[in-house]
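Dear colleague,

Please find the structure below, together with its sequence. My notes on it follow, and I would be grateful if you would read them beside the coordinates.

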Amino acid sequence: MAVAAALETPMEQQEQQQLKKGIAEFYDESSGVWEDIWGEHMHHGFYEPDSRVSGSESDHCAAQIRMIEESLRFAAVPEEAEKRPKKVVDVGCGIGGSSRYLARKYGAKCHGITLSPVQAQRANALAAAQGLADQAFFQVGDALNQPFPDGEFDLVWSMESGEHMPDKPKFVSELARVAAPGATIIIVTWCHRDLGPSEESLTKWEKDHLDKICKAYYLPEWCSTSDYVKLLQSLNLQDIRTADWSANVAPFWPAVIRSALTWKGFTSLLRTGMKTIRGALVMPLMIEGFNKDLIKFSIITCKKALN
Ligand code: SAH
């Protein structure tokens, strides 16, 4: 991956527009069925490695909350009243589960952006239904060109949206731009494995494998955790920390597959559309990617300097 931002060619611009359209349509189509079965969080659960997880959905929802809490803990987000986040941006917000959680936890104002109009509308409806209409706000917006001024937020949150971003340098520079001095930036995302010192790229098999996943989930080319670190370093961000949480999310995809194979899951899937069904069909490829150490579930956090 090129870690320096480059001007896009017209072809690349056209491809990015196509990708954005695909992402918006994918989430417009699939968010309802996901919410029916899994609820308001559209991200992996966090499990203790080797923990025995029962099949119950409430266990998995608790694991999704644990993902949020572990991410905050890893990034050392302050809990004390005067230091805790007061203004949060949720970049790639889904139907707003993280924002509402953070709004409640910190009493913060949270602004979410998504490419999917259906998600933005549903996120606002859920905020109103949960009494958070004056604390959690959602709109259609592009992470690569965020509709916010510089230095606006003291917590910048991207939970499993980075993998959709076709221009990682722009993505990361936008996260840094909207961060206030001293803000925490948290990126939880799918990466490919780091390359070895003598490797120039992934193997052909690995690239082909990721390509199949990209087509079904509307993802551009993947990057590694160390690519993210280089990008954060190039922007002079501080206290950069990473962890590989692949083992902590391992029970998640088998659980999603099991839920799709229940009568409710199966009939809901059939009622949605081809994009959602295609997404469901490649779920085993995600498991294989993790098992072969090709896919990494990474957290990458940093702070913006105070001056
Ligand atoms: N963070 C949410 C949803 C994760 S799903 C959660 O944890 O529940 C991925 C989300 O990223 C979707 O909402 C999708 O619309 C959003 N997304 C992908 N590319 C985006 C972009 N360029 N700008 C804004 N949102 C984007």
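Serine 71 is in contact (heavy atoms within 4.5 Å) with Trp157, Met159, Ile186, Val188, Trp245 and Ile299, its neighbours within four places in sequence being left aside. Serine 71 sits in helix H2, which covers residues 57-74; helices (H or I, at least four residues) and strands (E, at least two) are DSSP runs, numbered from the N terminus. Serine 71 counts as buried because its relative accessibility is 0%; buried means under 20% relative accessible area, exposed over 50% and partly exposed in between, with a 1.4 Å probe and protein chains only.

Please note that this is a predicted model, in which local features need pLDDT of at least 70 and side-chain atom pairs count only at pLDDT 80 or more, while totals for chains, interfaces and linings use all residues. Residues are numbered from 1 along each chain as its sequence is written, and side-chain values use heavy atoms, with hydrogens and water left out.

As to the chain as a whole, the protein chain has 12 helices and 7 strands. Its radius of gyration is 18 Å, close to the 19 Å of the globule rule for 307 residues, so the protein chain is as compact as a globular protein of that length. That radius is taken over C-alpha atoms, and the rule is 2.2 Å times the number of residues to the power 0.38. Of the 307 residues in the protein chain, 51% are buried. Among contacts between residues at least 6 apart in sequence, 78% join residues at least 24 apart.

Helix H5 (residues 168-178) is mostly covered, with 8 of its 11 residues buried. Those buried residues are Lys168, Pro169, Phe171, Val172, Glu174, Leu175, Ala176 and Val178. Their cover includes strands S1 (87-91), S4 (153-159) and S5 (179-192), as well as helix H7 (225-234).

With kind regards
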